[in-house]
Amino acid sequence: MIDEEMIKNRMEVLVEDVKSVRERIANAEKQIMDDKATLNALLGAYQQCEAFLKEINDETSDEE
């Protein structure tokens, strides 16, 4: 038979589960932000390499 104490205990477990899920979501959101920043840095480095290659090719063309 279900009594008031059992329901209250279940509610306490649910509260802890909610806290746990919220924490996981917050961690995941932070990881996404960190990954986006890393992606932007990588893309910027790639663009810089492209610019260097263009400069090298332009200088080579001028020398010919």
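Modeller: Gladly! Glu63 has 69% relative accessibility, so this residue counts as exposed. Buried means under 20% relative accessible area, exposed over 50%, and partly exposed in between, with a 1.4 Å probe and protein chains only. This is a predicted model, where local features need pLDDT of at least 70 and side-chain atom pairs count only at pLDDT 80 or more, while totals for chains, interfaces and linings use all residues. Residues are numbered from 1 along each chain as its sequence is written, and side-chain values use heavy atoms, with hydrogens and water left out.

Colleague: Where does Glu63 sit in the secondary structure?

Modeller: Helices (H or I, at least four residues) and strands (E, at least two) are DSSP runs, numbered from the N terminus. Here Glu63 belongs to helix α1, residues 4-63. Thr60 is in helix α1 too; its relative accessibility is 37%, so Thr60 counts as partly exposed.

Colleague: How many helices and strands does the protein have?

Modeller: One helix and zero strands. The radius of gyration is 28 Å, well over the 11 Å from the globule rule for 64 residues, so the protein is more spread out than a compact globule. That radius is taken over C-alpha atoms, and the rule is 2.2 Å times the number of residues to the power 0.38.

Colleague: What share of the residues is buried?

Modeller: Buried residues make up 0% of the 64.
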